[in-house]
Amino acid sequence: MESNSKTIVWFRRDLRIEDNPALAAAARNGSVFPVFIWSPKEEGQFYPGRVSRWWLKQSLIHLEQSLKSLGAELVLIKAQSTLSALLDCIEAVGATKVVYNHLYDPVSLVRDHNIKQKLGELGISVQSYNGDLLNEPWEVYDDDGKVFTTFDAYWEKSLRLQKEPVSHLPPWKLIPAAGSVKMCSVEELGLENESEKSSNALLGKGWAPGWSNADKALTEFVENQLLAYSKDRLRVGGNSTSLLSPYLHFGEVSVRKVFNSVRLKQILWTKEGNSVGDESASLYLRAIGLREYSRYICFNFPFTHERSLLNNLKFFPWNADQARFKAWRQGRTGYPLVDAGMRELWATGWIHNKIRVIVASFFVKFLLLPWQWGMKYFWDTLLDADLESDIIGWQYISGSLPDGHELERLDNPEVQGFNYDPEGEYVRHWLPELARMPAEWIHHPWDAPLTVLKAAGVELGMNYPNPIIDVDVARDRLMQAIFIMREKEAAANAADANGTNEVVFDNSENVGDSVNPKVVKGKVPCPSSSSYDQRVPSMQKGSTNKKRPNPVEEEKKFKDNWLSCKIKTEGKISKADDDLCSTAESSSMKKQMTTSRNSFSVPQAISMSYDIKSFDGEASSHVKLQNEEEIDMEINSCKNGAIAE
């Protein structure tokens with residue numbers, strides 16, 4: 001490689017200097033032109049929520065300062081098209097090469113593949129790197145070359161594949177490539193509007209975005225909190241987890257560094273015979289593994305943001321009840337632990353993982369609301385909103401993963417309250433109307449004597465709602481829904497002339513049996529000069545038992561499918577063959593490009609019914625929620641609470 005080469009370094013969700021393979025490779029071989037391109041139109045329905053955009057803005061400011069100290073300026077561009085912006089940069093500096101680190105969400109997979117194809121056709125060298133995972137999704141297979149669909153099997157194999165620790169040291173100096181393009185300030189990107197700044201100011205009191213702050217947070221956790229992780233991790237409220245997830249999402253710390261730091265501690269504790277430390281490290285590494293697994297599943301099954309991995313919910317009679325959806329969002333379900341979690345989420349953009357499981361389980365199992373709605377709401381409101389982790393979490397709760405919760409499992413929020421918030425401190429903090437309730441009754445105030453309620457100033461149905469649904473009624477309705485689902489499934493199977501039974505969707509409406517789909521390990525042909533370049537999911541039809549077609553023919557067909565996929569802002573996809581394309585445009589209408597935190601959209605293509613009693617009729621194909629300013633009035637007293645509990 002010539003030392004005078006000019007390289008565009010395309011930053012995305014890898015906003016760090018240290019252990020950044022794309023930046024390190026570019027810095028070794030001549031001058032660099034670092035660029036971050038913000039294209040709201042291309043984000044489609046997964047346009048980030050208010051708090052996530054706040055974090056991105058702060059992280060970019062931090063990265064700007066770091067690059068400037070090394071001698072290069074971060075070029076910020078707001079564009080309609082990422083490809084056009086990159087072409088402008090290439091022309092401006094006379095660059096012959098573009099480098100970036102991989103992303104694995106369905107929107108990015110389509111966009112990146114298209115950009116690589118187009119740049120290659122113009123003679124621009126493109127190299128991409130693994131800056132986000134321990135193992136690439138196309139590197140981990142079972143002994144038959146098939147995709148793992150259970151976490152334990154996947155993680156066991158991943159750990160066996162671990163290589164010697166590799167870290168890319170931060171460059172001590174960058175040589176800037178000469179040239180100029182139309183750029184903007186971080187304010188002009190429009191990541192935060194004036195109406196959002198007052199709410200966002202609270203976030204800065206509890207969080208410090210930026211890659212060097214991520215490094216400090218990692219050190220603090222490993223040295224002072226990791227040892228007690230096995231004991232404290234399920235304690236809701238308080239600082240009981242690493243709080244690294246937003247840093248990991250935006251790539252402000254590399255997962256390799258986190259893994260190696262924790263693994264080193266584990267080795268030392270094991271040598272010392274410290275079983276508590278060993279267990280804590282194993283549990284935390286497993287949490288890292290779940291993040292890896294989320295990308296693995298979403299890469300190999302890129303329809304999972306719209307459909308269940310398994311077919312178990314294909315005939316589930318969802319209850320598209322807007323009023324119940326609103327009550328859940330506002331923390332007005334009448335179940336204190338659920339409501340406290342939802343109020344904290346709205347006020348701070350953060351909730352403990354255990355609370356995420358509890359509120360999601362209530363959403364699906366008690367209210368029978370479509371899991372895609374909940375997934376989208378989490379995406380719009382979480383500070384660490386991460387599409388792949390979001391998808392896996394909601395499918396796990398819905399029983400849509402082979403090793404997920406059973407669909408029949410219905411956890412009682414009252415019992416969970418006493419398990420995870422025994423003194424009621426968490427509930428009291430986020431539900432001030434219950435602040436004077438005794439611990440004995442705080443998780444089930446509807447059972448409290450009138451004298452207790454009166455002394456606590458609680459008027460059920462007035463200043464705090466009655467339960468939105470009784471536990472026993474919820475259990476009966478869930479069982480009824482499952483019964484109807486299985487009846488419909490049996491009828492569909494009986495009507496299937498071929499007698500096939502769909503178990504794992506694999507980019508088609510019918511795969512033959514329950515055998516895990518097999519993935520072609522060969523690379524889809526596209527211009528590249530790196531053996532570690534980004535690959536794309538394989539696509540197959542028919543029974544997974546059948547012999548695979550000729551790889552060359554299959555790759556040609558797959559390439560053609562990819563090239564036909566253009567990222568659009570609206571429209572429907574009806575054919576099963578277009579599932580891969582739908583990962584980019586989704587079957588829902590485009591989310592309105594607004595920075596308001598008071599509106600969001602939910603996925604469209606969900607078969608559901610209005611009336612839980614009849615389970616008949618189709619709901620509106622698109623749900624647009626109304627302005628939720630009333631939430632601010634209802635939970636205003638919560639907004640000054642601790643941000644990062």
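The predicted model holds 27 salt bridges, a salt bridge being a side-chain nitrogen of Lys or Arg within 4 Å of a carboxyl oxygen of Asp or Glu. This is a predicted model, in which local features need pLDDT of at least 70 and side-chain atom pairs count only at pLDDT 80 or more, while totals for chains, interfaces and linings use all residues. Residues are numbered from 1 along each chain as its sequence is written, and side-chain values use heavy atoms, with hydrogens and water left out.

One of these bridges pairs Asp-152 with Arg-286, at 2.9 Å from N to O. It ties together distant parts of the chain: Asp-152 sits in helix α6 (residues 151-160) and Arg-286 in helix α12 (residues 275-300), 134 residues apart. Helices here are DSSP runs (H or I, at least four residues), as are strands (E, at least two), numbered from the N terminus. Asp-152 has a relative accessible area of 47% and Arg-286 comes in at 35%, so each counts as partly exposed, the class between buried (under 20% relative accessible area) and exposed (over 50%), with a 1.4 Å probe and protein chains only.

Arg-486 and Glu-408 also meet in a salt bridge, at 2.3 Å from N to O. Here, too, distant parts of the chain are linked, with Arg-486 in helix α21 (residues 471-495) and Glu-408 in the loop between α17 (387-397) and α18, 78 residues apart. Arg-486 is partly exposed at 45%, and Glu-408 is partly exposed at 32%. Elsewhere, bridges with shared partners gather Lys-57, Glu-187, Glu-192, Glu-194 and Lys-197 into one network.

Lys-231 and Asp-232 make a salt bridge of 3.1 Å, N to O. Lys-231 is exposed at 64% relative accessibility, whereas Asp-232 is buried at 18%.

Next comes helix α18. Spanning residues 413-420, α18 has Pro-413, Glu-414, Gln-416, Gly-417 and Tyr-420 buried. Viewed down the axis of α18, these buried residues fall within an arc of 165°, so they line one face of the helix; the arc is taken from the directions from the helix axis to the C-beta atoms. They pack against α14 (336-348) and α15 (353-366), where contact means heavy atoms within 4.5 Å. At the start of α18, a side-chain oxygen of Asn-412 comes to within 2.9 Å of the backbone nitrogen of Glu-414.

As for the whole chain, there are 24 helices and seven strands, and buried residues account for 60% of its 645 residues. Of the contacts between residues at least 6 apart in sequence, 78% join residues at least 24 apart.

Terms used
Polar contact = N/O pair within 3.5 Å; in protein donor to acceptor, adjacent residues only side chain to side chain.
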